Amino acid sequence: MRFFNWWGRRELPEGAQRHDLDEALERVIRVVPRLRAASGCRARLAPALATALADLEALVASLPDPAELDAASWSTDPRIRAFFASPADILLVLSRSPDVRDFLAGTTEASDGYAVLAMTMEERRRFGVVQDGEATLGDVAQTVMSFSDHRIRACSPTLAALKRAIVMQLVDQLALEGLDRMLAGDERRQALNLEHGLLAARLRLLQRQGTGLRSLLGDENPRGATGLAVLQQEIEANASELQALGPRSAALEGQLQTMAEVLRNAVSLVRVSTLALRLNQMNAVVPPYSAQPCELVEFQRARIPGRPPVVRAFALVRFCRREVPQPETLLDEVARWLA
C-alpha cells in the first residue's frame with residue numbers, strides 16, 4: 001500500500017525525475033509489448049526502474065568531461081591524438097557522420113554539439129625501434145593501440161541533454177537484456193516439452209519390448225530393467241524442470257519479474273570500465289619503468305551484450321558547427337591538413 005501511495009503522490013526516489021521515469025517505462029514496454037498485458041505492469045516496474053535510473057545517472061555523471069573534437073585538438077589533446085591518425089581523419093569522421101548531419105540540419109541555432117564518439121579498439125603486437133633516454137634499442141616488442149570504425153552517436157545541443165540521452169539508451173539496453181532472458185526461458189520450456197515427449201515415447205517402446213520378452217521367456221532382463229529405471233529418472237527430472245517453469249498462464253508473470261530483476265541489477269549488467277595507458281606518439285604502450293616520452297591517455301570501454309558480446313571504446317566529445325566541413329569543401333579541408 002505504501003508504494004501505491006507514493007505512486008499517487010508522484011514522489012520519486014532521489015535521482016529520478018518523473019518525466020524520465022515515464023519515458024523509461026515507455027521505452028521498456030516498447031521493447032517488450034507483451035508486458036502491457038500483465039496486471040499492474042507500470043506500477044510494479046516503476047520502483048525497479050527508478051532505482052535503475054538513479055544508478056545509471058550516477059554512472060553517466062562519473063564520465064570524464066567531453067574532449068574537443070576538431071582538427072586543432074589533435075596536437076593538444078592526447079586522447080584525440082590517440083584516437084585519430086591525423087587531423088584529416090577527424091574532419092572525415094565529422095563530415096561523414098549521418099548523426100552529425102541530421103543534428104546540424106535540425107538544430108540551426110546550436111553552435112556546438114555534444115556526442116558520444118565510439119570506436120573499435122585493437123591491441124597489435126609488433127617489433128620496433130625505441131628511443132629510451134639516450135639509448136636506441138632495436139627489435140623491441142611493443143603493444144600498439146589501434147582505433148578504427150569511428151562512429152558519432154547521440155548528438156545533443158547540451159551536455160545535460162547528451163547525458164540524459166545516454167541514460168535512456170542504457171535503459172533500452174536493460175530492456176533488451178530482460179527480453180533476452182525471457183526468450184531463454186521460452187526456449188528452455190520448448191526444449192523440455194520436446195524432450196519430455198521423446199522420452200515418454202521411448203519409455204513406451206522399451207516397456208512394450210521388455211514386457212513381451214519377459215512374457216515370452218518367463219525371465220527378467222536385468223539390463224533392460226536398469227535401462228528402464230534410468231530412463232524413468234530422466235523423465236522425472238525433466239518433469240521437475242517443467243514444473244519449476246510453471247504453467248504457461250504464469251509465464252507473463254514470470255516475464256514481468258524477470259524484467260524487474262534486470263532493472264534492479266542495472267549496475268552489474270551495464271559494464272563500463274576506464275582504461276589508462278601510457279602511449280607514445282605512435283600509440284605504442286610505454287612501460288612504467290621506461291623513460292620514453294609519452295602521455296597518459298584515459299578512455300572508457302563498454303561491453304555490449306550479444307552473441308558474441310562486443311567491447312567498444314568511447315569518449316564524450318564536443319564539436320563546433322563551423323568545424324564540420326561541408327561535403328563540397330571536404331576534399332579541400334583534407335588536402336590543407338595533409339599539406
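A residue is called buried when its relative accessible area is under 20%, exposed when over 50%, and partly exposed in between (1.4 Å probe, protein chains only). Helices (H or I, at least four residues) and strands (E, at least two) are DSSP runs, numbered from the N terminus. The structure is a predicted model, in which local features need pLDDT of at least 70 and side-chain atom pairs count only at pLDDT 80 or more, while totals for chains, interfaces and linings use all residues. Residues are numbered from 1 along each chain as its sequence is written, and side-chain values use heavy atoms, with hydrogens and water left out.

**Figure 1. Helix α5 and the chain as a whole.**
Helix α5 spans residues 87-96 and is mostly covered, with seven of its 10 residues buried. These buried residues are Pro87, Ala88, Ile90, Leu91, Val93, Leu94 and Ser95. In the chain overall, 38% of the 339 residues are buried. The chain has 11 helices and six strands. Contact means heavy atoms within 4.5 Å. Of the contacts in the chain with a separation of 6 or more, 71% are between residues 24 or more positions apart.

**Figure 2. The packing of helix α2 against helix α3.**
Two packed helices are described by the angle between their axes and the distance between the axes. Axes are lines fitted to C-alpha atoms, for helices over the stretch in contact, and angles run from 0 to 180 degrees between N-to-C directions. Helix α2 (residues 18-31) packs with helix α3 (residues 41-61) at an angle of about 110°, and their axes are 9 Å apart. This angle makes α2 roughly perpendicular to α3; angles under 35 degrees count as roughly parallel, over 145 as roughly antiparallel, 65 to 115 as roughly perpendicular and the rest as oblique. The crossing of α2 and α3 is right-handed. A crossing is left-handed if the near helix is turned anticlockwise from the far one by less than a right angle, and right-handed if clockwise. On the α2 side, Asp20, Leu21, Ala24, Leu25, Glu26, Val28 and Ile29 meet Cys41, Arg42, Leu45, Ala46, Leu49, Ala50, Leu53 and Glu57 of α3. By class, this contact of α2 with α3 comprises 11 nonpolar, no polar and four charged residues. Here Ala, Val, Leu, Ile, Met, Phe, Trp, Tyr, Cys and Pro count as nonpolar, Asp, Glu, Lys and Arg as charged, and the others, Gly among them, as polar.

**Figure 3. The packing of helix α3 against helix α9.**
The axes of α3 and helix α9 (residues 251-264) come within 7 Å and cross at roughly 20°. That angle makes α3 roughly parallel to α9. The crossing in which α3 passes α9 is left-handed. In α3, Cys41, Arg44, Leu45, Ala48, Leu49 and Ala52 meet Glu253, Leu256, Met259, Ala260, Leu263 and Arg264 in α9. Nine nonpolar, no polar and three charged residues make up the contact of α3 with α9.

**Figure 4**
Rings of Phe, Tyr and Trp (its six-membered ring) pair if their centres lie within 6.5 Å; planes under 30 degrees apart count as stacked, over 60 as edge-to-face and the rest as tilted. By this rule there are four aromatic pairs. The rings of Phe83 and Phe299 have centres 6.0 Å apart and planes at 80°, so this pair is edge-to-face. Because Phe83 lies in helix α4 (residues 78-83) and Phe299 in strand β5 (residues 295-304), the pair ties together parts that are 216 residues apart in sequence. Phe83 is buried at 2% relative accessibility, and Phe299 is buried with a relative accessible area of 1%. The rings of Phe103 and Phe319 have centres 5.9 Å apart and planes at 80°, so this pair is also edge-to-face. Phe103 belongs to helix α6 (residues 98-106) and Phe319 to strand β6 (residues 310-320), so the pair ties together parts 216 residues apart in sequence. Phe103 is buried, with a relative accessible area of 7%, and Phe319 is buried at 1% relative accessibility. Phe83, Phe147 and Phe299 form one aromatic cluster.

Most residues other than glycine have a negative phi. Asp149, in strand β3 (residues 135-156), has a positive phi near 50°. Asp149 is partly exposed, with a relative accessible area of 36%. Ala154 also lies in strand β3, and its phi is positive, near 55°. Ala154 counts as partly exposed at 24% relative accessibility.
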